[in-house]
Amino acid sequence: MTTKHEQPHPIHGRVLIVAGSDSGGGAGIQADIKTVSALNGYAMTAIAALTAQNTTGVFGVVPVDPAFVAQQMTVVLEDIGADAIKIGMLANAAVIEAVAGAYEERAVNVPLVVDPVMVAKSGHFLLEPDAVLTLRKRLLPLADVVTPNLPEAEALTGVPVRNLDDMRRAAEMIRTFGPKAVLLKGGHLEDDQLYDLLLTEDGEQLFEGRRVHTPHTHGTGCTMSSAIATGIAQGLSVRDAVARARAYVEKAILTAPGFGHGHGPLNHLHTVKPFP
């Protein structure tokens with residue numbers, strides 16, 4: 001309810017997130033909802049896995065029944081609809097197949113952002129090894145944007161990625177799997193100079209930045225992909241959505257609250273003013 005002196009602040013851009021839950025709140029569904037909301041989008045979810053984790057590691061993973069993941073997607077799409085869909089942790093091949101099927105049946109014209117989540121910041125594997133091929137064959141051809149980090153790019157291509165030239169080769173190879181665009185994130189390079197490489201049908205754009213030396217980077221991949229999906233849902237081009245997402249994530253890292261004893265969460269809500 002607004003008074004005569006207040007103007008309503010309409011929510012813009014419906015984003016359906018299909019991913020795993022992070023009990024620590026820094027990554028996964030929790031980070032996705034915060035990100036979409038902080039960028040003035042409307043977040044919906046289909047939870048594909050439950051995890052018991054905190055900033056120090058992942059202590060348990062329980063996949064959700066594939067048919068129920070698909071049902072969550074279906075009922076949301078039938079009623080509310082979506083302007084973009086973001087896919088994160090899917091855990092196994094059966095869930096990947098179910099999600100791809102639901103997307104093809106209900107939302108094939110909705111822009112799809114795929115974050116091929118495979119390994120947590122703590123090093124714990126979140127995707128069963130035999131599911132990598134299923135991810136590559138079933139979801140990447142449907143994607144408008146795929147957002148791997150360097151270890152994920154190596155798993156998808158089988159090619160080591162150690163420098164910018166390797167990044168270009170890996171991104172070009174991933175593009176041959178079918179996505180319209182690839183954002184290859186270079187945060188795992190050891191240099192202080194960081195590169196994110198966006199490869200589209202129109203060519204490449206290189207985003208450059210300086211490394212922020214901090215342990216508080218848990219959930220950066222989830223956050224980046226959800227921010228990109230929100231931008232696309234709001235009508236931004238892929239390049240503009242990536243540029244805004246990078247700026248949003250950088251400030252979220254710089255203003256991280258410092259919680260936990262390991263890889264701490266970001267400050268997803270730096271865009272939000274305190275409520276009076």
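The side chains of Asp-166 and Arg-169 form a salt bridge with an N to O distance of 2.4 Å (a side-chain nitrogen of Lys or Arg within 4 Å of a carboxyl oxygen of Asp or Glu). Both residues lie in helix H6, three residues apart, about one turn of the helix; helices (H or I, at least four residues) and strands (E, at least two) are DSSP runs numbered from the N terminus. Asp-166 is buried, at 11% relative accessible area, whereas Arg-169 is partly exposed, at 47% (buried, under 20%; exposed, over 50%; partly exposed, in between; 1.4 Å probe, protein chains only).

The model is predicted: local features need pLDDT of at least 70 and side-chain atom pairs pLDDT 80 or more, while totals for chains, interfaces and linings use all residues. Residues are numbered from 1 along each chain as its sequence is written, and side-chain values use heavy atoms, without hydrogens and water.

Across the whole structure, 13 salt bridges were found. One of these joins Arg-14 and Asp-83 at 2.8 Å, N to O. Arg-14 belongs to strand S1 (residues 14-20) and Asp-83 to the loop between helix H2 (66-79) and strand S4 (84-87), 69 residues apart. Arg-14 is partly exposed, with a relative accessible area of 30%, and Asp-83 is partly exposed at 25%.

A salt bridge also pairs Asp-32 with Lys-86 (2.9 Å, N to O). Asp-32 is in helix H1 (residues 28-38) and Lys-86 in strand S4, so the bridge ties together parts 54 residues apart in sequence. Both Asp-32 and Lys-86 are buried. Glu-78, Glu-105 and Arg-106 are linked in a salt-bridge network.
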